[in-house]
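Colleague: Could you walk me through this model and tell me what stands behind the labels you use?
Modeller: Gladly, have a look at it first.

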Amino acid sequence: MDEIGELGEMLPVPGEPRVLHVDVCQDPCSTVKAASIKEHVKRLFHKRECPLGDMKLTEFNDEFLTEHVKCIEVTDSEFEDSTQSPNLSSITVEVHVYQVHKGGPAQEDLDEEEELAAANHWLLPSSDFQGMWENLIFDSHIKRELLQYASTTLLFSDCNVDSNIITWNRVVLLHGPPGTGKTSLCKALAQKLCIRMSDRYSYGQLIEINSHSLFSKWFSESGKLVMKMFQKIQELIDDSDALVCVLIDEVESLTSARKSAMSGSEPSDAIRVVNALLTQIDQIKRYPNVLILTTSNVTGAIDLAFVDRADIKQYIGPPSPEAIFKILHSCISELMRAGIISPPQQLLDLKALKMMNFVKNELTSLSLMLRQIAIESYGLSGRTLRKLPFIAHATFLQSSKVGLEKFLSALDLAVKKQFSDRNDLEKD
Amino acid sequence: MPFGKHSPLTCLVEFDGIIKGQLRGNIVTEMLKYVLYQRQQIPQTYEQLKQQEQLKQQEQSKQDKQQEGETLQLKRKGPQKLQVRKLSEALENIEALFHNINQAFSNVNYINQVVITLGGTPISPKETYIIKLPGGVFEGSILSKKEVIQTLFRTLISQDLLGDFRNMSTTNSYVLLQAPRNSEMQWFEPKAAYKLPNRGKIIEVSLVCNQGSNALEADLTNVSSSDFEISGISPLEISTVSTEGTLCNSLNDMSINDSSFASQDVDKEVSPNSPDAMATSDVEGHDSEFIWYQAPVSVRGFRDKRASAKMSSCMDIWA
C-alpha cells in the first residue's frame with residue numbers, strides 16, 4: 001500500500017489543468033480570420049520558451065504577426081508564485097483574438113422627448129477600457145475569482161443545469177470604501193470577459209445605467225422607467241451573439257432598503273423602483289448571455305432582497321502594502337516612459353527584493369525606499385495612490401526632469417501630506 | 001421571419017439597364033443624403049447646407065480682409081458659434097464619407113450591400129437602411145447618372161417609404177459596406193463580427209437591373225408580392241431563405257448570376273480565393289467570404305436651433 005502511495009506522489013498532480021490565457025489584439029484594419037492568427041501565436045509560444053509570467057509583446061519576428069497584430073498580452077498568469085517554472089508541455093495555451101471598437105460611449109435615452117441619457121452604452125472590447133484590467137491591482141485573487149465566476153455561469157448555462165434546482169442570479173455586487181476601483185473593475189471585467197469569450201460571443205455590450213435618470217418627476221412613473229430601461233436591455237440580450245453586461249453604479253440609490261422607506265421618510269415611489277428592479281432582475285437571469293455588475297459604498301442602505309440576489313458579494317478594501325508597491329511601481333515606470341523621471345533607473349519588484357532578503361545595497365536601496373513609502377501609505381485608497389505621483393510633482397518638485405531619488409523623497413512627503421490633510425479634515 | 005417585432009419595410013427599385021461601378025457609389029451617396037435629411041439628422045438638405053457653408057466662408061474671408069489693420073470686432077455669440085462648428089463638423093464628416101464611398105466603389109468591384117444605421121451604435125440602431133445593390137445582368141444599355149437617380153427617387157417617393165415615420169431626435173449615423181474578406185478595402189474598418197441588426201425599424205431598398213431576363217423579373221415580382229422578403233437577391237441571405245422550397249430555384253439562378261458577375265470582374269487578377277471557386281462551391285462557403293466594413297467616421301445629427309426658434313416665433317403669430 002505504501003508503494004502505491006509513493007507512486008501517487010510521483011505522478012503529476014492531477015489538480016486543475018493549467019491554462020495560459022493569451023490575449024491578442026488584432027489590428028483594426030486587418031481582415032485575417034482569427035483562426036490563422038491563433039495558429040501563428042501558438043507557434044510563437046511553442047517555438048520559444050518565453051517567460052510565462054505576465055508580459056506584453058508589441059514587436060514580433062513573424063512578419064504575419066507584425067502585419068496583423070497590435071499586441072499580445074499575458075495577464076494574471078497563475079505561475080508567479082510557483083517556484084518551479086512550468087514547461088509548456090504541461091499547460092495549454094488558449095489564445096483569444098479580438099479587435100477593439102473605437103467609438104466612445106453612445107447614449108441611450110428612454111423618452112423621445114427627454115434629452116437626458118438614461119444609460120451609456122459601449123461596444124466591447126472598447127478602446128476606452130484598454131489596459132484597465134492590467135492596471136487594476138488587488139490583493140487576493142479577486143480578479144481571477146470574478147473571471148471564474150463568469151465562466152462557471154456560462155458552464156452551468158451550457159450544460160442546461162436546471163435553474164429550479166440550482167439557482168444563480170448573474171448579479172455581482174462589489175462594495176467597499178470609495179476610490180478602491182470598484183467601478184473600474186466592473187468595466188474592466190466586462191472588457192476582459194468579452195475578450196476571453198470572443199470565440200463564443202461575437203461582441204459585447206456594456207450598459208452603464210444612470211440610476212438617477214430612472215426616477216420620474218411624475219409620481220408612480222419611476223417604476224415604469226425601470227421597466228422601460230430593462231426592455232431596452234432585453235432587446236440587446238435577444239441577440240444571442242452578444243454578451244451583455246449591465247453596470248449599475250451606486251446601486252443603493254436604486255435599491256434603497258424598503259424597510260427604511262416604510263418609516264415614511266421616503267416616498268412610496270422609491271419602493272416601487274426597488275420592486276421593479278428586483279422583478280426585472282428575476283426576469284433577466286433566465287438568459288445565458290447577461291451579467292449584472294453593481295457597486296456600492298453604503299451596503300447598509302441596500303435592500304436585503306437585492307443583497308440576497310447577488311451571487312458574489314465581494315468586499316474591495318484599500319490596497320495592502322504589496323499592492324501599493326505595485327501601484328507606485330507602475331506609476332514610476334510610466335513617468336520614466338514619459339521622460340519626467342530621468343535618467344531611467346531600474347526599480348526591482350517585490351519578488352526580486354524578497355529573493356535578496358531585503359538587504360540594502362546599491363542596487364536595492366531605491367527599491368527599498370519605495371517599499372518603505374508603500375508601507376507608510378497603507379490606508380490610502382487606490383484612487384489616491386494613483387494621483388500621488390502627480391501631487392508629489394505639483395507640490396514638491398515643479399521641474400520638468402527629476403532624478404529618481406529626488407522624486408521618491410517628494411513622494412514620501414506627499415504621502416505624509418495626505419495623512420495630515422486627512423487628519424485636518426477629521427478635526428473640522 | 002428572422003426579424004422580431006418589426007418586419008422590414010421593403011422597396012424594390014428596378015432599373016432598365018446596367019449600372020456601372022462609379023454610379024453604384026453615387027446611388028449610395030444620394031441615398032445617404034436623402035436619409036440624413038428625411039430623418040431630421042441635418043436641418044436642411046446637404047446641398048443647401050453646403051451652399052450656406054460656402055457663402056459663410058466667402059463672407060468670412062471678406063470680413064477678414066476688411067478687418068485687416070482695424071481692431072478686432074466682437075466675435076459672434078457663443079451658441080451661434082457652436083452651431084457653426086457643428087455644421088462644419090457634420091459637413092466635413094459627410095464629405096469624407098462621400099469621398100471614401102466613391103473611392104471604395106471604384107477600387108472594390110463587388111460591394112453588394114450597404115447599410116446606413118441611425119442610432120447610438122451600429123449594433124443598436126433605431127433605424128436601419130439596407131441598400132442591396134444590383135448584380136447579375138450584363139446585357140442591356142448602360143444607364144446614365146441622371147436616369148439612375150431619377151428612377152431611384154421616383155420609386156422611393158412614389159412608394160412613400162418614410163411617410164408614416166415619426167420625427168426622430170438627432171443621433172449618430174453610421175455607414176457600412178459589405179464586401180469580400182480579401183478585398184482591398186481602404187479607410188473602412190473591417191467588422192467581421194457585424195451582422196444586420198434586428199432592433200428598431202428596418203428598411204430594405206433592393207436595387208435590381210432587370211433587362212433582358214424577363215423570366216427573372218417575373219420571379220422577382222412573385223417573390224415581392226408574396227410574404228417573403230426579397231432579400232434573396234443577394235447571396236448572403238440565401239442560406240436563410242432557401243429553406244422555403246419553391247423559392248429555391250429562382251434564388252439559385254440569381255446567385256449564379258451574382259457570382260458570375262464577380263468572376264467576370266476579377267478574371268484578370270487571379271487570386272487564391274478566386275471567385276471561380278466561389279461560383280461552383282455551395283452558397284454556405286460563399287457566405288462567409290463577405291464581411292462588413294464600417295466607416296471610421298459617423299455623422300452626428302444636429303438641429304438648427306436658430307431656425308427652430310424662428311419657426312416657433314412664426315407659430316406664435318398664428319396662435
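What follows is a talk about the terms and the values behind them.

Modeller: This is a predicted model, in which local features need pLDDT of at least 70, side-chain atom pairs count only at pLDDT 80 or more, and totals for chains, interfaces and linings use all residues. Residues are numbered from 1 along each chain as its sequence is written, with chains lettered from A and ligands numbered from 1 in the order in which they are written.

Colleague: Why is B:Ile157 called exposed?
Modeller: A residue is exposed if 12 or fewer other C-beta atoms, placed from the backbone, lie within 10 Å of its own, buried at 20 or more, and partly exposed in between. B:Ile157 has 12 such neighbours, so it counts as exposed. This residue belongs to helix α4 (residues 145-158) of chain B; helices here are DSSP runs of H or I with at least four residues, strands are runs of E with at least two, and both are numbered from the N terminus.

Colleague: What is the pLDDT of chain A like?
Modeller: pLDDT is the predictor's confidence in each residue, from 0 to 100. Chain A has a mean of 82, and 88% of its residues reach 70 or more.

Colleague: How many residues take part where chain B meets chain A?
Modeller: By that contact rule, 13 residues of chain B touch 15 residues of chain A.

Colleague: What makes β2 and β4 of chain A edge strands?
Modeller: Two strands pair if DSSP finds at least two bridges between them. The open sheet runs in the order β2-β3-β1-β4 (chain A), with mixed pairing. β2 (55-57) and β4 of chain A each have a single partner strand, so one side of each is left without a neighbour in the sheet.

Colleague: How do you know that β1(A) and β3(A) pair?
Modeller: β1(A) and β3 (residues 69-74) of chain A are joined by five bridges, in the antiparallel sense, against a requirement of at least two. Within this part of the sheet, A:Asp23 stands opposite A:Glu73 in β3(A).

Colleague: Which helix packs on that sheet?
Modeller: Helix α2 (residues 34-47) of chain A does, touching β1, β3 and β4 of chain A.

How values were computed
Contact = placed C-beta atoms within 7 Å. Axes fitted to C-alpha atoms, helices over the stretch in contact; angles between N-to-C directions.
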